[in-house]
Amino acid sequence: MQKIPLNLAKPGMVLSKPVPRQDGIVVVAAGTEITEGLLAKLESMDVETIVVEGNPVNMDGVMAGSSYTTRLGRLDHLFRKFPDDAWMGRVKEMFRGYFTIKAASGQAAAQGETQPKSGE
Amino acid sequence: MEEDLKTERKGQLLAIKDLPTLPTVLDEVSKLVARPESTTEQVARLISMDQVLSAKVLKMVNSPIYGFPGRISSISHALMLLGFNVIRGIIVSTSVFEVMTKNMVGLWEHSIATALASSTIARACGLRDPDEYSVAGLLHDLGKVVATVQLPELKIAIESLVKEKDLTYLAAEKELLGFGHDRINAWLATHWKLPPNIKEGMDHHHSPQTAQLYPEMAAVVHLADFLARLYEFGSGGDDNVPFVQPDAFKILKIKPKDLEAICDTLGERFVEVSDLKFT
């Protein structure tokens with residue numbers, strides 16, 4: 001599942017979450033396959049982002065260095081020269097905490113906008 | 001014997017005939033600036049005579065790295081807002097990176113990221129003239145570029161040593177040359193008559209604790225280099241974060257925790273410059 005801006009959506013992708021109108025009322029159900037017609041309709045409704053199945057869009061280039069989940073995964077590797085240094089260990093753990101919070105708040109924002117809490 | 005070798009290497013690195021040439025206009029501009037009766041207008045007119053150079057300078061000063069994105073329309077405007085030191089640093093960096101080969105794009109991006117992080121840290125610490133810090137960040141790995149241009153076979157040796165032994169680029173330089181790019185930076189800064197604060201940012205970015213004259217400059221670039229590597233924006237030649245000197249925080253009177261607020265700003269600014277290509 002991936003949240004993408006509408007302008008990166010392509011026919012053939014499948015919605016993994018329903019798309020609500022500005023007032024919260026769902027207009028397209030989850031599981032719907034995207035068509036040119038649907039894209040035009042969503043555009044006219046000022047929908048900015050949708051959530052689709054799989055991971056069809058490579059967002060690395062778009063997000064540059066700011067993908068916090070990637071940062072978390074790289075942390076131990078980047079600090080590998082200092083396994084026994086207490087000070088560098090503290091610096092690393094500080095950033096682990098920072099990136100964890102950032103990654104979590106990014107995900108919460110992605111879910112909160114498209115659907116009320118669903119126990120995920 | 002070892003000293004002889006170092007001297008010989010230094011000679012090779014600084015062999016003037018092969019050093020990336022700085023635009024001749026920069027020499028004349030420096031002379032003009034040294035005279036107290038010169039005006040900004042005269043300096044601007046002189047730089048503007050080199051149209052290719054002016055276009056490059058304007059592109060850089062209008063990038064999000066500096067404080068006035070998209071709002072500087074002329075060289076004289078740039079000089080008034082950013083000062084001659086910043087403009088001179090930009091001219092030096094564009095001239096040196098011009099000789100850069102394709103496989104150094106990563107280093108250009110790393111330099112951009114370090115420049116951006118430097119001014120962000122300087123602003124957060126309330127330091128004066130934050131754009132001068134960003135120029136020092138932009139130039140902090142110049143020694144790597146020059147070493148590559150002067151001794152192409154050296155770069156290949158460094159890169160394979162980094163891979164084989166999992167060394168940092170700096171450690172590999174020291175093993176092969178006896179000194180690192182920070183020393184080369186010092187020679188270059190002297191050779192090109194860069195201002196002393198920018199010189200200290202360049203040659204002490206790995207050792208801010210021993211910076212004598214402008215410790216804040218060295219500490220800012222030191223932490224900026226760390227952050228650029230932590231976010232892996234571009235590449236400094238190896239995938240490690242450098243050891244963070246605890247003294248850098250003392251010098252800047254901040255706590256490690258303060259880096260979080262700096263990163264909040266920086267995360268967004270990184271996205272803004274992600275398409276700032278070198279051309």
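Helices (H or I, at least four residues) and strands (E, at least two) are DSSP runs, numbered from the N terminus. On that basis the elements of chain A, from the N terminus on, run β-β-β-α-β-α-α-α, which amounts to four helices and four strands. This is a predicted model, in which local features need pLDDT of at least 70 and side-chain atom pairs count only at pLDDT 80 or more, while totals for chains, interfaces and linings use all residues. Residues are numbered from 1 along each chain as its sequence is written, and chains are lettered from A and ligands numbered from 1 in the order in which they are written.

A residue is called buried if 20 or more other C-beta atoms lie within 10 Å of its own, exposed if 12 or fewer, and partly exposed in between, with C-beta atoms placed from the backbone. Of the 120 residues in chain A, 17% are buried. Two residues are in contact if their C-beta atoms, again placed from the backbone, lie within 7 Å, and among the contacts in chain A with a separation of 6 or more, 64% are between residues 24 or more positions apart.

The contact of the two chains takes 17 residues from chain A and 19 residues from chain B. On the side of chain B that touches chain A, the elements giving two or more residues are α14 (215-230) and α16 (258-272) of chain B, and α16(B) gives the most, with five residues. Sorted by class (Ala, Val, Leu, Ile, Met, Phe, Trp, Tyr, Cys and Pro count as nonpolar, Asp, Glu, Lys and Arg as charged, and the others, Gly among them, as polar), this side of chain B has eleven nonpolar, three polar and five charged residues.

Within chain B, the domain assignment, whose bounds come from an automatic or database source, gives domain 1 (21-98) and domain 2 (101-279). The centres of these two domains of chain B, taken over C-alpha atoms, are separated by 22 Å, and 16 residues of domain 1 are in contact with 24 residues of domain 2. Helix α6 (residues 84-97) of chain B supplies eight residues, the largest share of the domain 1 side, and that side divides into ten nonpolar, six polar and no charged residues.

Helix α3 (residues 40-48) and helix α5 (residues 75-82) of chain B have axes, lines fitted to C-alpha atoms over the stretch in contact, that come within 8 Å and cross at roughly 130 degrees. Angles run from 0 to 180 degrees between N-to-C directions; those under 35 degrees count as roughly parallel, over 145 as roughly antiparallel, 65 to 115 as roughly perpendicular and the rest as oblique, and α3(B) and α5(B) are therefore oblique to each other. Among the residues making the contact are B:Val43 and B:Ile47 of α3(B) and B:Leu79 and B:Met80 of α5(B), and by class the contact has six nonpolar, three polar and one charged residues.

Most residues other than glycine have a negative phi.

| Residue | Phi | Loop of chain B |
|---|---|---|
| B:Lys193 | about 55 degrees | between α12 (181-191) and α13 (196-203) |

B:Asp129 is partly exposed, with 15 other C-beta atoms within 10 Å, and B:Lys193 also counts as partly exposed, with 13 C-beta neighbours inside 10 Å.
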